[in-house]
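Dear colleague,

Please find below the structure that I am handing over to you.

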Amino acid sequence: MSEQQAPLLSATGVTKSFAGLHALTDVDVTVPRGHITAIIGPNGAGKTTLFNVIAGSMPPDSGRVVFDGTDITGWPAHRVAGAGLARTFQLMKPFESLSVRDNVLVAAFQRGTRRDDAIAAAEEIVERVGLGRWSGQLAGELPTAGRKRLELARALALQPKLLLLDEVLAGLVPAERAPVMELLREIRAGGVTMLLVEHVMAAVMALSDEIVVLHHGMVLAKGTPEQVTRDERVIEAYLGEELLIAES
Amino acid sequence: MTPNSARTGVRREAVVRWAVTFSVAGIVLFLNGDRIGQLIGPGRSVLIQALVTGLLIGGVYSLVSMGLTLIFGVLHIINFAHGALMTVGMYTAFSLVANLGFDPYATILVTVGLLLIIGAAVQKLLINRVMGESLEKQLLLTLGLAIFIENLLLVVFSPTPRAIQLTYDSGSLSLFGLEISWPFRAFGAVATLPRTLAFVGALVLAGLLFLLLRRTKLGTAIRAVAENPRGAALVGINVPRIYVLTFALGTGCVGAAAALVLPFLSLEPTTGDAFNIIAFVVVVLGGMGNVIGALVGGLLIGVTQQVGGVLFVDQSNLLAVFILFVLALYLRPEGLLGKAKA
Amino acid sequence: MTSATQLWRRVDRNVKILVVVAIGLALLPLWLQGASLEIGIRILLFAMLATAWNLMAGYAGLFSFGHAAYFGIGAYATAVLQVDYGWSPWLGMLVGMVLAGLFAVGTGYLSFRYRLKGAYFVLTTFAFAEMLRLIFLHWDFVNEAIGFRVPLNRDASWTDMQFPPDSPAYYYVVLGMLLAVLLVVISLMRSRSGYYIIAVRDNEDAAAALGVNPMRYKLYAVGLSGAMTAMGGTFYFQYIFFIDPSLAFGPGVSIQILLPAIIGGMGTMWGPLIGAFLLVPLGEWTSGLVRNPPDVLSFLDGRAGLDLMIFGAVLVAIIMFLPKGVYGSVTHAVAVRQQRRRRDPVASVSGTSDE
């Protein structure tokens, strides 16, 4: 298998428990380069926990995470980010006392470029995600939709190889979603691989190349959107209603 | 599949922490080997005395700390004025004894009542404004209050130390046919009457407080608010009123403690400081918001203080307390008895 | 347009303010003599200490109630080296800064490693300062409770940091320290490290997710804050010619260091300076009231504690009514007005952030 074809991210046997609660049990997830992979599942299925383990917010009890050929299991979050893996947070975490542009600048600085270049890069990304009007405003004053975009903008400023997006469309009304989805397609076109956690089924169907279904902390099914939506176990456990909503 | 390094990493960290702690403790003990040997052997009576005195004063620490931890558990405020309010109680009791001839222990009714009222007023007028604000703001508010109160006392009463003397400092009494005399002697240690009464009184009040929290409607409401203010409000509990009452209860504790310690401590505007610091240490050790933890912690710290004092003869007895504090923080940041509501 | 004007326009706003402040303060001694010069020196000293504290507590969000630890280390390092070994206090100052910085980083590391947050962290900082005080109080190497006195030297010069009583040299020494500290903090907060420090303060998880190592930047702020505070300790010893464990490590010192920053505005660059300018004269005035009260207040005569009573009351009032401190509230009001203007469609669009 050539370097190009090796998956960008490979999580194997990931297990994590919290005080007796088995959040994840022996989860395997593979993210091919240049693809958009989505993780879906009911609330409490362990999606965000999986993200946290991959991104380094918490170490797994057992299992491995290999990113671009390097074993990053148990690495602290900042080191993982430095290796080229960026993530957003479901519960948004803006730097409230900094302006929108400066929020992105914090990430842009990580590229190691000169100050002026970093500022220019930050401003460019702010424009690209559609936050140009709020560039100088404090991040704490942004409405929810804006905060979502800010999360995305900051992650993009790291120029990551892999982007982990945690429910980036949640809390947005349909009108707000379309531009974001368009943005995600552009990002993929730019060569960034993405791993999404998402509830909005329409988006998942439209965007992803592969889907992984989690249920009670275990992988229930994997495959293309068509395969997964036809899988009986998935429909029974989770998709039934969601699919109806998506198709309506 | 290779075993995950992360899990062993967490365990390793705990091992390192305990190893460091025991090494430090070991070194300290080694350096003081002679003194320890003396304390265990020929000087045993000194050690026993320290244990007894420590336990007795520890009871008062428990009472004071229970008030503080109650305030923290419910209002999530560090009441830096706790010690200063105790001093207010002490001066009140002193004035009653010196000017009106009260028996020192009778003053407890007044000091508790006064501190309940003051506490309620402080919460309603001052602290209420900063409920829910940042930790620093609350700390600085109560700190400012503490500075104000302490210096007010300084201006009014001057720095001259005061003391009272019990007329019945030593004596005896026939009870159920038994002849009891004090100061009490046991195992070669002496326990003076005022310290013993303080201990007993403190524990009785601590017990009453505990009963109040566990068995009364008010207590249940308080615990509900501590757990979940919004939920408590939804079931009809008047949360602002609970805040006032809880704060008042907390300060009531120091009011009682004030009357209990006046007979054996000298009184200056800064007398409450030591209790303040110690209460904080106890509360952190016992777990912030944990009332039983404060009770146990108070006794533990009292003993540590006295034993530390005879062990490290050339040092302040507070040093042993602080060392224990720092060590405990690193071993169990959530307090020795865990389950903090921080 | 001359290149000088272009250059000036590009300079950070805070640096401009610094230049103005520096010139103003440098000229001040021309009008100050004797007692007012002393007040000026105290103002500058506490402005400097508060600015150093503000780096850790305001900008890095790590509220320290034990800055006396670093202050005292600075004072005693100089004291021991000067009195017992004849070193120049400038060298002692450097040693003190290094020791204080190490102490800060060491205790900080332990605290952060074990995730001490909020109230626990504050109380730990206090505990460390108290521990140092108690240790020094009973340590014969530092003369226990007796402390140290600066040896009086009639031929003293700049190397001894000792000057004739009415010399403005003390003023200029502490002014130099203040300007140095301000310059350091301004440069730091402008640089990428400054952004990282604020990011870690605002949201540690998010900062880590963006590649910022929270431990490193917290320790950076803590170590720098401690080292700069130690400088003040050295100066203090040289200025009052005396130090003992209470004056070095007492809780009163920690409180005096943090109050100007709180009252002026935590987390702002000029808050601590403004706070010092407000608090020190206020303290002097109330002490004066106690020493020589007007007839109306004659009962105050000789009564200690009034000044602190007023401090306490002022502190309570500020917390309740001006939560952002004086400078903070002013800048907030200005910013709010700017925001309102910005939302007006007629107004200009993009704003550069200025802090």
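Predicted model: local features only at pLDDT ≥ 70, side-chain atom pairs only at ≥ 80, totals over all residues.

Chains B and C

Between these two chains, 35 residues of chain B are in contact with 33 residues of chain C. On the side of chain B that touches chain C, α6 (135-157), α11 (271-286) and α13 (317-331) each supply at least two residues. The largest share comes from α6(B), with 14 residues. By class, this side of chain B has 26 nonpolar, four polar and five charged residues.

The nonpolar core

The largest nonpolar core has 304 residues, of which Val64(B), Ala257(B) and Val174(C) touch the most other members. Helix α3 (residues 44-75) of chain B gives the largest share of this core, 16 residues. Leaving aside residues up to four places away in sequence, Val174(C) touches Ile41(C), Leu44(C), Leu45(C), Met48(C) and Phe235(C).

The sheet in chain A

Chain A holds an open sheet of six strands with mixed pairing, in the order β6-β7-β8-β3-β9-β10. At its edges stand β6 (85-87) and β10 (218-223) of chain A, each with a single partner strand, so one side of each is left without a neighbour in the sheet. From one strand to the next, the twist averages 15°. Within this chain, β3 (residues 36-40) and β8 (residues 193-197) run parallel and are joined by four bridges. Ala38(A) has Leu196(A), in β8(A), as its bridge partner.

With kind regards

Definitions and conventions
Residues numbered from 1 in each chain as written. Chains lettered and ligands numbered in written order. Contact = placed C-beta atoms within 7 Å. Nonpolar A, V, L, I, M, F, W, Y, C, P; charged D, E, K, R; others polar. Core = buried A, V, L, I, M, F, W, Y, C linked by C-beta atoms within 7 Å. Buried ≥ 20, exposed ≤ 12 C-beta atoms within 10 Å, placed from the backbone. Pairing = 2+ DSSP bridges. Axes fitted to C-alpha atoms, helices over the stretch in contact; angles between N-to-C directions.
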